[in-house]
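The exercises below are meant to be worked through with the sequence and the model side by side. Please try each task before reading its solution.

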Amino acid sequence: MAGAEMLLQYLWEHRLWDYGSLKTIDGRRVNVIDQGRRNQDSGPDFFNAKIEIDGHIWAGNVEIHVRASDWHRHGHHADRAYDSVILHVVGHSDAEVRRPDGQPIPQLELPYTPDYRSRYDAMVNNTVDRLACSRHLYGFSPIHITDWITALGHERLYAKVERVNSALGRLDGDWQAAAYVTLARALGFSTNSDAFERVAYATPLRCLLKHRSDRRLLEATLFGQAGFLATAGNDPEHPGYVDDLRADYGFMKAKYGLSAPESPGWKMARMRPPNLPHRRIAALAAIIADGFRFGSAFSHVTNQADARNLFTTEITGYWATHYTFGPSSAYVPRAFSPDSVTSLIINAVVPLLYAYGVYFGDDSKTAAAVELLQSLPPENNSVTRIFTDQGIPCDDAFSSQALIQLRRAYCEPRKCLYCRIGHRILASKAKP
């Protein structure tokens, strides 16, 4: 949708117009009793509006366009779904419009202050500041920011819970399998989350657990499904390892009819060795070799100590001294650093625990999930620093997740109109 039309819809939805000058193009006075409910699907933009025009009350739908001629350009004149439109709200009236039955539709040019569009454009199209609204944040009420951070933290958590629910749907309600997919995605640490998830869905946990006593077989299956065995080079210090993995993968692939994802989408450019996905695949294999107790233990987490105890896994053999196929590095048996464990709790344990609580109607689980997030230290990354540099507080992981949600869902797509901060800044400038 064009930015100008989005702006008009926003102004109409939030009643941000000059209340003293609402008139149709032909001069009839308009009183908006109810602006209607925003329609996110096809059809008129607002349903169930109630409009008084020259003393007559009309109930029906409202359509909004930048130019009145867009009515014809979009084919509404021939679409019976627009028979119920009682008011056409436009930025510029350049044509008369009629319903499909030929009846003229009252038309209104939406009035707002002359500089409002320029203020909107200056914020939404701001390419200078890392934060589009940074010049307006000075003196902004802390309570408004705090309330928005709270809402955003829950918004991001609910999105992750929905992903868990989606996994449960795909996996016939198997919580252990859903936990496996969720953990695999979390092991991608944002950069490779989608790739890990694709590999997990293509490699059923039930098949892996049947061979949990053979860690090398698990590694072979996961590395093969990830597509890494095709290009893996032999290590002179372990000359037979890669060949053995290829043979084991061939066995597992034939036994279970496995098909590797065609293009997992691994990203490894400019990545530090500890962040490469190979060692994280080895860590997942180690967790499964231990019986994948994570699949049931997550539901018993009540505090941070419980959560951290889920990730005490150690890596043995080849991957204790490797970050990828090739020359060895330092001996590091610990699978995850403390910061990595924090990330796994945020992205796997918390959403699983919350989803579990909702699914079984156990409020103590949902409360524990939120409290766990609030007990963790905040993430310190390029996204959170954008906001903390502007004085926005970030005291725990719940807040840092909220700021990431703000950046990803509102700032980057320039949905300033739907951000509470942007709304307050723009709304205060809408009326003369």
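**Exercise 1.** In which loop is Phe140 found? Determine also whether Phe140 is buried or exposed, and which residues Phe140 touches.

Solution. Before starting, note that this is a predicted model, in which local features need pLDDT of at least 70 and side-chain atom pairs count only at pLDDT 80 or more, while totals for chains, interfaces and linings use all residues. Residues are numbered from 1 along each chain as its sequence is written, and side-chain values use heavy atoms, with hydrogens and water left out.

Step 1: Phe140 is found in the loop between α3 (116–124) and α4 (142–170), where helices (H or I, at least four residues) and strands (E, at least two) are DSSP runs numbered from the N terminus.

Step 2: the relative accessible area of Phe140 is 16%, so Phe140 is buried; buried means under 20% relative accessible area, exposed over 50%, and partly exposed in between, with a 1.4 Å probe and protein chains only.

Step 3: not counting residues up to four places away in sequence, Phe140 touches Ile145, Ile421, Arg424 and Ile425, a contact being heavy atoms within 4.5 Å. Phe140 and Arg424 are 284 residues apart in sequence, and their C-alpha atoms are 9.5 Å apart in space.

**Exercise 2.** Find the residues of the largest nonpolar core that touch the most other members, and state which helix gives the most to this core.

Solution. Step 1: a nonpolar core is a set of buried Ala, Val, Leu, Ile, Met, Phe, Trp, Tyr and Cys residues joined through side-chain atoms within 4.5 Å. In soluble globular proteins, nonpolar side chains tend to be buried together.

Step 1: the largest nonpolar core has 77 residues, of which Tyr180, Leu183, Ile288, Phe292, Phe294, Phe311 and Phe325 touch the most other members. Helix α13 (residues 338–359) gives the most to this core, namely 11 residues.

Step 2: apart from this core lies another, of 55 residues, with Leu8, Leu137, Ala402 and Cys416 among them.

Step 3: to see the surroundings of one member, take Phe292, which, leaving aside neighbours within four places in sequence, is in contact with Gln176, Ala179, Tyr180, Leu183, Leu205, Leu209 and Ile287.

**Exercise 3.** Which loop residues have a positive phi although they are not glycines, Arg270 and Arg414 being the two to examine, and how accessible is each of them?

Solution. Step 1: Arg270, in the loop between α9 (241–256) and α10 (277–289), has a phi of about 55°, and with a relative accessible area of 85% Arg270 is exposed.

Step 1: Arg414, in the loop between α16 and α17, has a phi of about 60°, and with a relative accessible area of 23% Arg414 is partly exposed.

Step 2: Lys415 is also placed in the loop between α16 (397–411) and α17 (420–427). Lys415 counts as partly exposed at 38% relative accessibility, and, leaving aside neighbours within four places in sequence, Lys415 is in contact with Ala409 and Tyr410.

**Exercise 4.** Locate Asp34 and list the residues that Asp34 touches.

Solution. Step 1: Asp34 lies in strand β1 and, at 32% relative accessibility, counts as partly exposed.

Step 1: not counting residues up to four places away in sequence, Asp34 touches Arg15, Asn48, Ala49, Lys50 and Ile51. The C-alpha atoms of Asp34 and Arg308, which are 274 residues apart along the chain, are separated by 52 Å.
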